[in-house]
Structure formats: structure tokens, C-alpha cells
Amino acid sequence: MRTKKTLAALLAVSLLAAGCGRSGSGDEETPDGGTPAAAADFGDLKGLCQPGDAKSKSAQGVGAEIQLGVFTDIGFTKKTEFVDAAEVFAKWCNEAGGINGRKLAPKTRDSKFMEVRQRMLESCREDFFIVGGGSALDAMGVKDRLNCLLPAFPAQASQMQNTGSDLQIETVAGGSSYSPYAGYYTWIIKEGYPGSAGSVGVISGDTPVTKVLEGQTKEMLTAAGAKISYSELYPTQGVSDWTPYAQAIKSKGVKGLVFLGDFASLAKLEQVLTNIDYKLDWIDANSNSYGPAFLQLAGPAVAAQNNLADLGGVFPLENAAQNPATQQVLDLFKKYAPDKQVTLQVVRAFVAWTLFAKSAASCGDDLTRKCVYEAALKETAWSGGGLQAPIDLSQLDAPQKCFNVEKATPEGWKPADFKPDTGAYRCDAPAYKFTADYGKPLTLADIGKSLSDFK
Amino acid sequence: MEQFLIFGVVGLSTAAVYAVIGSGLVLTYTTTGVFNFAHGAAGMLSAFAYWQLAVGWGWPVPLALAAVLLVLAPAFGLLVEKVVLRPVQNLGEAERLVMTVALLSGLIAAARWIWDPNLPRPLTTFFFERRPLHIGPAVITWHQALTMAVAVLVAVGLWILLNRTRTGTEMRAAVDDRALVGLTGADPVKANRVAWVLGTQLAALGGILIAPTIALDAAQLSLLIVSAYTAAIFGRLRSLPLTFLGAAVVGCMESYLTGYLPQNQYLPGLRLAAPALLLFLALLLFPHGRLRGRDRKLRPVPTPTMRGTWIFAAVIVVFSLVLVTVLDEVDIISYGPMFALGVVALSFVPLSGFAGQISLCQLSMAGIGAVVWGQLAPDGQPWALVAAFAVSALAGALIAVPALRLSGVYLALATAAFAVVLDRWIFTLPSFELLGVRISVFNQGAVDMAGPRLLGFRLDEPAELMVFAAVCLALGSLAVAALRLSRFGRRLIALRDSEAAYATLGGSLLVARVLVFALSAGIAGVGGVLYGMQLQSVTADQFTFVAGLPIFLIAVIGGLGAVGNGLFTGTAYLGPIHLLNAVAPWTHNIVQLLPALAGLGFARHPEGIVPGQRRGWEPLARSRVALSALIGGFAVLWLLRVGDLIGNTVLLLGTVVLALALRTWAQSKEAADVKAEVPVEWWGVRRPWRAEDEEVLSRGIAGG
């Protein structure tokens, strides 16, 4: 996932947008006060939000409210996911009393794709913490964030300089020097579709940012025992006809395909493949396409082709009834934002929000950045109340253990037959550390600071 | 062999799409003399409209098709003809080109506004439920077969229309000589209308046929047509059969390259760039007929004075210093690239303003400059700025040599093709070795840009870089003004006015063109370096052909011949957008339409905004009283602002009100002075006879 989430945004670049407007910034929650609330549970987290009388101004952005920066590219992509998640979580938590009586006040930081630095500087000036969001080009803001010692629990981290950077805890499984797809690709090549190992293809968009992803994917696939027999670029500004691509895939006898691009294009490619009667063993549609949109766009090709996606250990939304935490997210959305959709990104944002809520509550009245950050680092099996497979936050650069594979069917996405061994997940993923150099995350030392500066 | 056959058939099916779009382009060009960059965008809009009717509102397909093709598309075509293009019919190529670029950006913004880009909009192909046809080993869907059939029908229909009907003859005649057509009793405006209606219908047809096979996405559908341009150029923008041949060549080439190009890391980009490369080659190899639209009126290039330019340069630097003192860091980062992009825009002035050469690849030149700086100056060594200038200039000269025989729209297309080749191939290359030198481009990712080290100081704060860029822009503006006043500048203008006359009088076209291309590319390269410094790190995405279009648009609106254009373009490109976003966030959809709206307003000021502004402000600059009042008033406001007694809004509004008031006062005062000047023959009649008048008259007659 990590980097792939960015793709949709990167690929949708219409650069004519000389400047992309900001929409509805600053959805500040006004504390409605009055009604005394009772502590509320989220999933298996008891009393996550609770009333109290903490209100001392213990740090920047903290008082009767806690102001938190939520990064998003909403002004460019028009995707509201992170803003919705922040709004819903804050409304629910504040009704239950907030964090020891302090209300959560999420502040939308709309980086509009290119304005990451500006928003980061604003966030530096006003916010207590950064929670539950992410910008596609987040590398542009890391230096400023570290400079002002602003910690973050993002819902997504995309560029290499940011993933695994200091003062940041990523609740998405897998450290930055390990492949997040080791389990997934090893299962595909060794168990799921061993017949495809001799002929795997990779198609990726031609933006420079996708190149890192392409390199990592090829390295991991090769390590898992696959032979890359076909590798192609497509112009992200538009392909006039997918037929030559489909024909080349057919002629070269490609059996498995990794598509690093926008799912609207993949949908068209699959329609052409289906038209020319070619069915691959598997297509890695990646978790961007996990949702109803891809199924609608691909239409009949969904039944004809075998689309897989790795959710990286997030409990699948369609089975929410079997998992109280996931069901609770759906219920909360139904209550507080009935016309908004729950997506994979929303769930990931909730994992980050719950981590913040629990860590902040443990600090009591003396709420400081350092206290929250260190409380979070003590979580050795964080699952966001059960939204995802537990991960150990005390080791930030550790390989991902659990994965779960979804398969697209005309009735919707469903878990594939990937032999889960721990509930809905399979937790025997091998560790694969990248050998090639894809860039390094930024550290405090890089900008001449150290953890002792952090308060 | 079987493979070869399959890819051939596949290529032909792609070719059919290009043929439909390309013939629409050719039709509008042959009949109106406008090369329509917004052709794809019109198709895109039609595809969305068709989706809305057929899928969104569930109309039956034939009804939806009829509504789009017979009602909406013609209405849109008429609207475009009347509102957008008729006002610029008699202006130069750059102006007409700019109108279609404005239309393109406006339509994309509008479509993204109306149709939320995040909602899935499935559009099935026609006859998708039928089993595809098998022709030998190849498979053809009914949709592809339909597209081919439509392409052939369109070709036949157009040929009959243009060559066998009275309307068609009038349409062709209207391009050659509108005045003559008018004399013979035909109506050239009507011919234009027919052309736009038909052209838009063809675009709509192409859009509806192509949308189901690619994603229904505003930008993708609009920008897809580089390959169709290539087809149209094969037909030299006038021959439909050759356009079809071109479409077939491009379609098959793309298909065979997909099938046969060896797999290595240097070549996939070449395949993506192939249509653009072919376009470039086709432009160079095919003979081109006389360019249409010679009846345009040439406008004089404004002549700056050195004194005025020095004042202007000082204003630029003072402006940046004021910005630095009143804006906070966040805003400095937002407005920072203003002066850097101003330098890029300044590069249009000698090239397009003086020498009349249209270039759409100036931002790509800026990208080259940025890469050179990023690779050579990790610690900000100042000499790398010279290297960036030199390498970009070399690249500029490289385009100038083959493009020597191109002008007008052909040159615009050649430079556009060059920009696309850079985007898709050169900029995405991994580092390679050429003649023993290791060359790294963008290293397939971001290149870090260090601030310059000058006289022992390291500039890397946004504020410092902003002032540095402003100083560069000021120096650049001075240099360009000096160029305008020099012998070489006059030569360039002669070249613009008439290449034939210039050559006849002994000027060397090659030398002049290569020099001006190199110079302007060098300026753009420096602009790219400054821009990159502001951004701290750059990727190829920042320097694409598409990203360069709005800058070209605003530069033309500003007035290409004016030295002040650099500052104007930089300010107008970033200023209103950030300002409106800050003041009224709800306007963000309208903000994206701004460049397009500005383009449409352009028709009213064909000489550009800058010369008009200059005339408007000159009286103020001449009047010592007004000037000192302005400087004094502004200084007071600025001091109040620095002392935190007033906010930026008050400062801005106060300055604007003060300046406008003084301008009006100075203008009316000057107008009054002029009125006092009575023509010589009325002396003694309209005003009393003065003692000195006799001597003045005698001297005037003697001086004869």
C-alpha cells in the first residue's frame, strides 16, 4: 500500500490546474458543552474517549480543545476521506467527553497536491499534533515538520523521505526498508498461482514518482521467485487505445500482471483483454481499486479476470458484521456522515485516530507532544480497536507480518483463498529487505537536531 | 508473421480513432485557419454530455446520441465561433492559438467542476454484448469496427462537402481570401459558422467513440490528441486522404512498437514519445504550403526607454523587498515562484514578441536549466547558473536549426512536439553515458535544488530566494530592453515583419533565428533554476508541456512585445489564485476558470495588457507631484504595516486606491495640458495672439 495510495492522486494530475482551490478548510469542532457524557469504547478499546476536567495549556494547540492537523489533498483530488474520518471520529469522541474533557478539534490542512510546505508551516505554528491524514507529495513537508518538532500519526505516508522519518508513527504495517508486499507476492508466486511464476508483467504509469514503486515491485517479485517477462510504461496523461498493450500481454503469454496506475485505466485494459479472449492467472489491481468504483468501471471484465488486492492486514469492509470495530466505523458514519463512504483510507485514518486518542488520554492533564509520542511507542500490538492485524509500534522499521488478499467478484470484493491463519489474516509473511537504494527517510540528525530537543 | 498481422490490425483500429479526430482538426484548420488545441476538449465535453444523458439520466442511446451530435455540439460550435474566435479572426497566429489554449484549460476546469472526478462513470462500448469479430488471428470488437466505418464515412462525407458543394467551396475560399469571398456575394462568417459546427460535431463523434475505450476523465480525453496532430500534419493540415494515411502510420507504429520494441530501461519512454517524434519529423520533412491568414495586421513592438526600464527594474526589486517584509513565511513560499516564473515568461519577449516565433517549449527549457543546476551545483556554486544558461541555450539552438523552415502554427506544433518528447522520454531517462560524459537528468525522481552561494553568503531562506529571483528578473528585463534598442533587436523585428524581406536585404535567417532561440532558451533556463530553488526540489512533472501552457497563455495576454511582461505574467499567474483562495475559499472552482476567462477577455485588448497599462501609468510617472505623493503615501502605509498597525489587506487596498486616485489625477491633469495646445492655424483665433508667436512661426517656416 504505502506508496500505491499516492498513485491515484499522482496519476490524476491535470497540470493545467494552475492553482487548485481550497475547499471548506477548517472544519473546527465547536464544543457543544452542556450534556455530561459517559466514556465511550471503540472496538476493544475501553473508554477511549472520556469526560474529565483537563484544560491546562500544556502545549501549543492544547487547552479546552486539542487542535490537530489533518493533511489531505482534497483541493486537488476532491477526495474527502481523511476529512470525513476526522470529522466523524471527533464528533463521536467529543460527544463522549473528548480526551479527559478536552475536545478534539481537527483542522484540515489542504495541501492541494503542491502546497505541502505551506500547510506544514501553518500546522507547525498552530497544531498540537498531526493525525489521520496524508498528502501525496509528503516529502516536501518532512524537513519543516522535523524543524518544528511536530510529531505525526499519519493515515498514509507516501514518499521515501517521509515514510519512516523521525517523530512519526505509521500505523500502516511494514517498515520503510522492507517490502510491504513480501507476504502477498510470495503467496501468489509460490502457492496461489505457481504456474504464473515464469511470466509476470509489470505496467506502470510514466510519472517519475511511480518509478520507485516500479523498482521495488520488480525487486520483490524477483525475490519471490517470479520472472519479469514483460515491463511497460503507459502515459498517465492518457492512452488512446489499450488494445496494443493487451495484444502484447497476450503475445508474450504474460500470466500474472502488476498494474501500478489508476484503476480507471486498469478497468479499460481488462475490458480489452477480455474482448480478445485472454485471461491472466491473476492481476494485482492494488488496494486503490478496493471499493465499488473499480467494479463499476470494469463491468463484465471483473468476472472474466482475476483481480487481487492486498489490504495489508486491514479487516475487509464487506465482512464488517464479523468484526465489531469495523462495524462501529460503518455505524458511526451512518450516524454522523450518512452521505459519505467508508473506504480503506477511512479505516486507516481511524487506526491513527484511535492511537492518538488512547495515547493522549494516558497523559492526563499534562498533555505534551513527547508524552503522546512515547505513549504510542509503547503499544506492541496496535490494531486500532480491532480494525487491522496488530502491529508492534515499539519497532518502527520492522517487516510486515500479516496480510490479507481480496478478490474482485461481480458481487463485490471478497477475501481470496489465501489460507488465513490468524483470524481474517495470514501472519507468516517472510521478511524481505530491499537491497537497491530507493532513498532514505529524513531523520532529526539530518537537520542537526536530536530527540533531546523534543518536548 | 502472425504476430505482425495481429499488431497491424490492432494498429489500424487505433488509427481509426486518430483519423476521426484528425479529420476534425483538418476541417477546422482548412476552413477557419485556426489550429484548434481545444478540439480534444470539445470531444471530452461531448463525451461527458453523452454520459450524462445516456447513463446519468437514462435516455435511450439513439436519443442521447442525437441530442449531443445534432443539438449540443452544433450549439457549442456556434458559441465558440461567436464568442471566442470571431474577435481574434484578424489577429496573428499566437493570438488565435492562445484563444484555443484558453478554451482548452477552461473546458477541463469546467468539466471537473460539473462532474465530480471521483465518481465512477462507466461507459460501455457500443455493441459490447456482441461477440467480437475474428479476422484471421486478430480480434476486432464491434466498437472498433464501428469506429473504422465511421472514420471512412466521415472521410467520404467531408470530401464531398468540401469539393462538390457550394458551401464547401465557400468555406475553402473564405480561408484564402475573406475579402474576395465577400465581394463575390458569399458570406465568410457563414462559412466559418458551418466549419465550427461541423468541426465540433466531428470532435463530439470522436469523443463519444473514444471515451468508452479509455477512462472518462476530463484531462485525459482533452490531451490525448498528440497522435491525432501527427495524423493531421501528415495531411499538411489540408489533405484528408493524407490525414488518413498519417493516422494509419501513427496507429501501426504505436502498435508495432508495443509489440516489438526490445525491453530495456531506456526505450519505453521512446515508445510513448514516438508520436511526438514523428510529428516533429513530419513537420520537417513535408513541404508546407503558404501559411494561411497573411491578412493579419502586424502591431508595432513597443519601444522601451532605458531610463524607464531602470525605474521598472528598481520597482521589481522594491516590490520583492516589500513583499518580503509584509508577508509571512507561508505566503512567501506561495508567492515565491512569482519572479522565477516571470523570468521564464520574459523569455517569450525576444522570441515571440520581437522575432515573432511561437514556442510552446519554454517551460521545458526551464526544466533543462533546473536539471543542470541541480546536478552541477549541489552547494550552490554561482558558475552553475552560467552553465544552466549555456546548456539551455544550446538546447534552444538545437530546436532552432531544424525548425528553420517552420513558422507560425507549424513552429508552435514543432516546439510542442519537442516539449512532449522531453516530457515522455528524455526527462524520464535513467542516467546514461554519452561520449564519455555521464549525464543524469531527473534521476527518475526528484532533484534537490540548493540555494546559490554569493559572496560567501548562502541564500536558502524563501525570502532571500524571492529577492534573488526578483533581482534576476530586474536584470533580465534590463537586458531585454537593451536588446530591443540594439541593432540586433531591430533585426529581429525586421525578421518578424517579413522573413522574405529580411533575407533579401542580406540578413541571415539561420543566424538570427538560432541566436534568438538560444537567447530565450537561456533566459528560460535561468528562470527554471530560480523556480527550482524556490521549490527546493523539482521533478519532471513541474516542467511538462501542459504545465507550460498557462504561462504561455498569460504571457500572450500580457502582450508579448513588452519588457514588463515578465513581472506581469509572474504576478498574474500566481497572484489572483492565492489571493482569492485566501480571501474567498469558496471561489476555488471559479479560480480554475480564471486563465480561460482572461483569455476570452484578451480579444478586447489584442495588443496585450502591459502596453495599455504602461500608457495608463505614464502620466503618473511623469508628474513629480503625483509620483512623490504615491511614494510618500506608500511609505507611510508600509511603515504602518511593518509596525503592525494595519494588516496586509489594508496595505493592499490602501495602495491600490491611492495609486488609482493619483493615476486619475495625473491623467486628467495631462489631458488638461494637452487641451491647452491649440493647433497653429487657430492661433489668434481660439487664443489671443502672443508676442513670441511671430518668431515661432518664422522659425518654423524657415526650418521647413
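User: Into which domains is chain A divided, and how far apart do the C-alpha centres of domain 1 and domain 2 of chain A lie?

Analyst: Chain A is divided into domain 1 (3–175 + 322–395) and domain 2 (182–311 + 401–415), with bounds that come from an automatic or database domain assignment. This is a predicted model, in which local features need pLDDT of at least 70 and side-chain atom pairs count only at pLDDT 80 or more, while totals for chains, interfaces and linings use all residues. Residues are numbered from 1 along each chain as its sequence is written, and chains are lettered from A and ligands numbered from 1 in the order in which they are written. The C-alpha centres of domain 1 and domain 2 of chain A are separated by 31 Å.

User: Which strands stand at the edges of the open sheet of 7 strands in chain A?

Analyst: The sheet has mixed pairing and the order 8-7-9-10-11-12-13; strands are DSSP runs of E with at least two residues, helices are runs of H or I with at least four, and both are numbered from the N terminus. Two strands pair if DSSP finds at least two bridges between them. An edge strand has a single partner strand, so one side of it is left without a neighbour in the sheet; in chain A these are strand 8 (228–234) and strand 13 (412–415).

User: In which sense do strand 9 and strand 10 of chain A pair, and which residue does Gly256(A) stand opposite?

Analyst: Strand 9 (residues 256–260) and strand 10 (residues 282–284) of chain A pair over 3 bridges, in the parallel sense. Within strand 10 of chain A, the residue opposite Gly256(A) is Trp282(A).

User: Is helix 10 of chain B buried or exposed?

Analyst: A residue is buried if 20 or more other C-beta atoms, placed from the backbone, lie within 10 Å of its own, exposed if 12 or fewer, and partly exposed in between. The cover over the buried residues of helix 10 of chain B includes helix 1 (2–32), helix 11 (240–260), helix 12 (268–285) and helix 19 (408–424) of chain B. Because 9 of the 9 residues of helix 10 (residues 226–234) of chain B are buried, this helix is largely enclosed by the rest of the structure: buried.

User: Where is Leu261(B) placed, and which residues does Leu261(B) touch?

Analyst: Leu261(B) lies in the loop between helix 11 and helix 12 of chain B. Leu261(B) has 15 C-beta neighbours inside 10 Å and therefore counts as partly exposed. Contact requires C-beta atoms, placed from the backbone, within 7 Å. Not counting residues up to four places away in sequence, Leu261(B) touches Leu267(B) and Arg271(B).

How values were computed
Contact = placed C-beta atoms within 7 Å.
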